[in-house]
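Good morning, everyone. Please have the sequence and the structure open, and I will walk you through them.

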Amino acid sequence: MSGRGLCLLLFHLSLPPLPPVDAPSLPQGCLLCPRDLRDAFEDMEQDYIPDRAHGTERERAQGSLLQLLRITALHGTMAQYVIDRIAIDLKREMTAIMKQKLKEHYLTLGIQKFTQAAFDIVNKELSHFINDIECSNTCGNFTLKYVACRDCHGSYQSCTMGIDCGVKDLTVGENEELLISCFEPWHLITTNFKDYIFYKAPLGTRNIWYFEKFAETQESSLEFLRITKEHQKTYRCIVMGDHGLPIADTMYDVHVGPPVTVPTEVPVTHPHLVHEEGLIPTIARPTRPAGLLALNLGSILALVICGIAIIALGSVLCYSLFHLQKKKADSNKTEEMLALSTNSYSLFHLQKKKADSNKTEEMLAL
């Protein structure tokens, strides 16, 4: 049987049987459990590849897809949210490949590239592939859906730790910001989440009947931009389930303290300056950190630039002085050579004149 035939058989067998209703489900991989992802694989295998490749190239491309489906046909149980996350990533990769409109050999290379990307995505998520269902929450009641990869049958597991998540103390200064967040990681994976409801009551209140509802939202955080004494209360965050009952309840005692100020100036008095009413005025002088100098970034940059300029100027001066001295030395050497040449010429001329004189005297004597 060809690679395409095996793929078609796998896709057809993965469809739920119609009659009878109680017929056993056929094994398949987790990647074919989401219907939209299965449809995407069918479009690639039945339409995209046959339209753009033929013969050997077509079989090679379809074989790469079949290999991907075989390697992900794992037995065990995987959380539904993990399968959904894999499906999103794979559909994105498939869309990118199909938009390129590759043909023949280049199509085979593209499908192989997609297969490798799919392997990497699945391997990244294998840490979430579990056979034993475990609850990760320390408080709250939530429900997870798990899927058996061999037949795509789903099951639900309830993690019930009690809705009471305790009381947390928060202290903040006046005029500061406050963020109250009741988010927990399991909020993203539970199948029974609806929204968050926030309540408030006088500080220290524990009786739920005294709390006043003031916000209902999909956001898990409550933010106050500028805190005053009026915000010193007990806040309550309830995570609501889709069945209308709370699945987690947390209280926050918010204590508002005095404004937190950082002194930036120190008053300096001058006794010799006396005001007309006899009061000694104060002059605010900025404080400096301990040390010889308190240099900011601008001062440091200015010093660096000045240093570079001084070094450059010094280099130019040194070069000019050296060049001047060398020129002067060359001039002195030239003068010495000229003087030596002049003296030599004069001595030679004198000796020649004396020799001529001696020769003349000898001729007269004869």
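Which residue is the bridge partner of Ile197 in strand 8? It is Glu216. Before I go on, the ground rules. This is a predicted model, where local features need pLDDT of at least 70, side-chain atom pairs count only at pLDDT 80 or more, and totals for chains, interfaces and linings use all residues. Residues are numbered from 1 along each chain as its sequence is written, and side-chain values use heavy atoms, with hydrogens and water left out.

Now the overall picture. The protein chain has six helices and 13 strands. Both are DSSP runs numbered from the N terminus: H or I over at least four residues for helices, E over at least two for strands. The chain counts 366 residues, and 31% of them are buried. Buried means under 20% relative accessible area, exposed means over 50%, and partly exposed lies in between, with a 1.4 Å probe and protein chains only. The accessible surface is about 24500 Å². Carbon and sulfur atoms hold 59% of that surface. The areas come from the Shrake-Rupley method with a 1.4 Å probe, and for residues only the protein chains shown count as cover.

Next, contacts, meaning heavy atoms within 4.5 Å. Take those between residues at least 6 apart in sequence: 65% of them join residues at least 24 apart.

Five of them form an open sheet, in the order 5-11-10-7-8, with mixed pairing. Two strands pair if DSSP finds at least two bridges between them.

Look at strand 7, residues 193–202. Five bridges join strand 7 to strand 8, and the two run antiparallel. Besides the pair I opened with, Lys200 has Glu212 of strand 8 as its bridge partner. Nine bridges join strand 7 to strand 10, residues 233–241, again antiparallel. In strand 10, Cys237 stands opposite Phe198.

Move to strand 11, residues 246–257, where we find Thr250. Thr250 is buried, at 6% relative accessible area. Leaving out residues up to four places away in sequence, Thr250 touches Cys165, Gly166, Lys168, Tyr235, Arg236 and Cys237.

Lys168 is in strand 5. Lys168 is partly exposed, at 36% relative accessible area. Its contacts, with residues up to four places away not counted, are Glu184, Thr250, Met251, Tyr252 and Asp253.

On to the helices. Helix 2 spans residues 35–52, 18 residues in total. From first C-alpha to last, helix 2 reaches 25 Å, close to the 26 Å expected at 1.5 Å a residue. The expected span is 1.5 Å times one less than the number of residues. Helix 2 bends by about 35° at Met44. That bend is the angle between axes fitted to the seven residues ending there and the seven starting there. Met44 is also buried, and the buried residues of helix 2 include Leu37, Phe41, Tyr48 and Ile49.

Helix 4 covers residues 80–99 and has 20 residues. Helix 4 reaches 29 Å, close to the expected 28 Å. Among its buried residues are Val82, Ile86, Leu90 and Ile97. The buried residues of helix 4 pack against helix 2, strand 1 (77–79), helix 5 (104–125) and strand 3 (141–148). After helix 4 comes Lys101, with a positive phi near 55°.

Cys152 is not a glycine, yet has a positive phi of about 65°. Cys152 sits in the loop between strand 3 and strand 4 (153–160), and is partly exposed at 22% relative accessibility. Asn175, also not a glycine, has a positive phi of about 70°. Asn175 lies in the loop between strand 5 and strand 6 (178–181), and counts as partly exposed at 43%.
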